[in-house]
Amino acid sequence: MSGLSKTQTIAVLGGTGKEGRGLAYRWAKAGYHVVVGSRSAEKAVGVATEIRGLLGTASSVSGRSNLEAVRQADVAVLTVPYASHRETLESLKGALAGKLLIDVTVPVVPGHISRVRMPAAGSASQEAQDILGETVEVAAAFHSISYEHLMQDQPIDSDVLVTGSSKEARQAALELVRAAGLNGWDAGPLDNSVVSEGLASVLIFINRHYGSRQAGIRITGVEKSGDGPGADGA
């Protein structure tokens, strides 16, 4: 899997939601071609129009159905609620073959979103890999970033942990983390996504308990000096 260039297209699936809208805005601002995807193409067009209004007509962002967005894209980013996770992936499995999927989904249970609840597969992104099979590379990222910050043109005081099915998948995802103006870390194989996804519920609890919307994570004590293979070579 080669690195992403700004001539390539990012499909943000479920992009009419708050997290998807914020990521689409950040990548369009960085100069990428972005397709906002939704079950409703009309809603997707509306969000794309909103983003172009914020960034100017020179920005490259359009709206399509989720299926059409995937067909046009080089990489897809899944930002749907967990309740729609399996259904969305199963409907897009054929179109995603041979592409990279970055899963932003957190497996929260409505009414209990500040408690960690993991699916039988281990995590939402591991579940995505099980559904899609080996023809799709899967990475997981952005679980610690609140949508509250993404639409603001200010630095975000939080790091992003990136896990993935291969080093190449993680590196591609890390490129998009940087393009969104964030600091990312290679956190290893997709098995480790149970930690990054679970942190989302922990941060929600901390925000509620301390009356904040700013809780995030920072990796300390490590100086970035290149991207090595990781402790287990994954």
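1. Helix axes are here lines fitted to C-alpha atoms over the stretch in contact, with angles taken between N-to-C directions. The model is a predicted one. On that basis, the axes of helix α1 (residues 18-29) and helix α2 (residues 41-55) cross at roughly 45 degrees and come within 10 Å. The crossing of α1 past α2 is right-handed.

2. On the α1 side, the contact with α2 is made by Arg21, Ala24, Tyr25, Ala28 and Lys29. From α2 come Val47, Glu50, Ile51, Leu54 and Leu55. By class, this contact has seven nonpolar and three charged residues, and no polar ones. As background to the spacing of such residues, an α-helix has 3.6 residues a turn, so residues three or four places apart point the same way.

3. The largest nonpolar core holds 37 residues, and Trp27, Ile102 and Phe142 have the most contacts inside it. At least two residues of this core come from each of β1 (9-13), α1, β2 (33-38), α2, β4 (75-78), β5 (100-103), β7 (159-164) and α7 (167-179). The largest share, six residues, is supplied by α7.

4. Leaving aside residues up to four places away in sequence, Ile102 touches Val75, Ala76, Val77, Leu78, Ala139, Ala141, Ala173 and Leu176. There is also a second, separate core of 20 residues, with Ala69, Ala76, Leu78 and Leu190 among them.

5. Helix α4 (residues 85-96) and helix α5 (residues 124-132) have axes that come within 9 Å and cross at roughly 45 degrees. That angle makes α4 oblique to α5. Their crossing is right-handed.

6. In the contact of α4 with α5, the α4 residues are His85, Arg86, Leu89, Glu90, Lys93 and Leu96. Those of α5 are Ala124, Glu127, Ala128, Ile131 and Leu132. The residues of this contact divide into six nonpolar, one polar and four charged.

7. Is α5 mostly covered or mostly uncovered? Eight of its nine residues are buried, so by the cut-off of under 20% relative accessible area the helix is mostly covered. The buried residues are Ala124, Ser125, Gln126, Glu127, Ala128, Gln129, Ile131 and Leu132. The elements covering them include α4, β5, β6 (137-140) and α8 (193-210).

8. Just after α5, Gly133 has a positive phi of about 80 degrees.

Conventions
Residues numbered from 1 in each chain as written. Predicted model: local features only at pLDDT ≥ 70, side-chain atom pairs only at ≥ 80, totals over all residues. Heavy atoms only, no water. Axes fitted to C-alpha atoms, helices over the stretch in contact; angles between N-to-C directions. Helix = DSSP H or I, 4+ residues; strand = E, 2+ residues; numbered from the N terminus. Left-handed = near helix turned anticlockwise from the far one by under 90°. Contact = heavy atoms within 4.5 Å. Nonpolar A, V, L, I, M, F, W, Y, C, P; charged D, E, K, R; others polar. Core = buried A, V, L, I, M, F, W, Y, C linked by side-chain atoms within 4.5 Å. Buried < 20%, exposed > 50% of the residue type's maximum accessible area, 1.4 Å probe, protein only. Parallel < 35°, antiparallel > 145°, perpendicular 65-115°, else oblique.
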